[in-house]
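Here's a quick briefing on the charged contacts and surface of a protein model. Take a look at the structure first, then read on.

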Amino acid sequence: MCTAISIKHQTDHAFLARNFDYDSTSQLKLAKIPRNYSSPLEPTLNTFKTRYSIIGMMLWHEGTHVLVDGMNEKGLSGAILNLPDACVWNKALISDGINLLPTDVSFYCLSQFSSVTELKAAIHQLNIVAPEDHPFAKTTQIHWMFCDKTGESIVVEQTESGLCIYDNPIGVLTNGPTFDQQLINISPYLKDSQTAPPLPGDDSSPSRFIRAGYLKHHLQWTQQPLSTVTHCFHILGNVALLPGILKQTQGEEFETRYTACMDLKHLRYYLKWYHHLKTQIIDLKQEQDESKTLTFFE
């Protein structure tokens with residue numbers, strides 16, 4: 001349960017913003033990953049170091065940390081969102097590519113590539129694998145949205161059709177169904193706002209996709225960066241999941257844990273936790289140093 005939007009102005013000023021909707025007890029920390037950080041990822045056949053520094057949100061799950069969103073120093077950003085009952089992961093490692101668990105794809109891409117163009121050219125070298133002895137990887141169902149400082153945006157999914165890379169002209173992503181079906185669902189709402197059908201009001205993924213896309217498409221945007229950040233927070237507020245609204249069959253309560261907006265030109269990460277009014281701002285340009293370890297922000 002998440003929503004992400006990307007914005008591009010005529011001034012080539014781009015943003016990626018998202019709601020992170022998850023179990024209310026999960027542990028999250030904003031982190032900076034430096035250049036030349038030795039990757040702890042498994043089950044890669046070859047080790048690698050980060051080419052670019054990253055600022056992003058880390059989720060701790062079953063003793064491992066997952067980069068659920070972030071941007072690197074070149075202005076490439078990405079976000080993980082759920083894609084229930086649609087993902088098909090490879091089962092075997094390969095020797096002539098990069099083997100990654102689904103939860104490691106965003107970290108690898110942001111650490112190695114500087115643009116969406118670079119990512120699209122190299123992504124088929126990735127073998128997204130869920131080994132039989134890794135139950136968490138096997139049950140993970142996610143897809144990815146990437147956007148760079150030019151505003152180019154793509155969605156990456158691996159389903160029974162294989163690894164699919166979609167250009168994202170709408171600049172929106174939620175959860176299921178797959179992205180191609182979401183584009184069909186939203187098409188009636190992108191016409192004149194006076195003739196569009198009534199907006200759906202429930203919290204389902206298709207409804208959130210339509211509402212976010214409609215608001216983004218019809219909103220009168222300004223060219224002021226701070227105004228854009230404000231608009232992003234308000235759009236995502238319209239699709240936020242309030243505490244207690246959604247409960248899973250296992251008793252977990254899902255809610256919007258935080259909203260983030262990444263300024264891909266100025267490399268600023270704006271963060272607002274759901275239960276705090278204050279917006280935290282981390283400037284990646286000011287956080288460059290020679291540290292080889294993760295830095296966490298309170």
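**Salt bridges and charge**

Arg18 and Asp69 form a salt bridge, with their closest N and O atoms 2.9 Å apart (that is, a side-chain nitrogen of Lys or Arg within 4 Å of a carboxyl oxygen of Asp or Glu). Arg18 sits in strand E2 (residues 14-23) and Asp69 in strand E5 (residues 64-72), so the pair ties together parts that are 51 residues apart in sequence. Strands here are DSSP runs of E with at least two residues, helices are runs of H or I with at least four, and both are numbered from the N terminus.

A word on the source: this is a predicted model, where local features need pLDDT of at least 70, side-chain atom pairs count only at pLDDT 80 or more, and totals for chains, interfaces and linings use all residues. Residues are numbered from 1 along each chain as its sequence is written, and side-chain values use heavy atoms, with hydrogens and water left out.

*Burial*
- Both Arg18 and Asp69 are buried (buried means under 20% relative accessible area, exposed over 50%, partly exposed in between, with a 1.4 Å probe and protein chains only).
- Buried residues account for 54% of the 298 residues in the protein chain.

*Other salt bridges*
- The whole structure has six salt bridges.
- Lys120 pairs with Asp167 in a salt bridge, closest N and O atoms 3.0 Å apart.
- Lys120 lies in helix H2 (residues 116-122) and Asp167 in strand E11 (residues 162-167), so this pair links parts that are 47 residues apart in sequence.
- Lys120 counts as partly exposed at 31% relative accessibility, and Asp167 is partly exposed at 46%.

*Overall fold*
- The protein chain has six helices and 17 strands.
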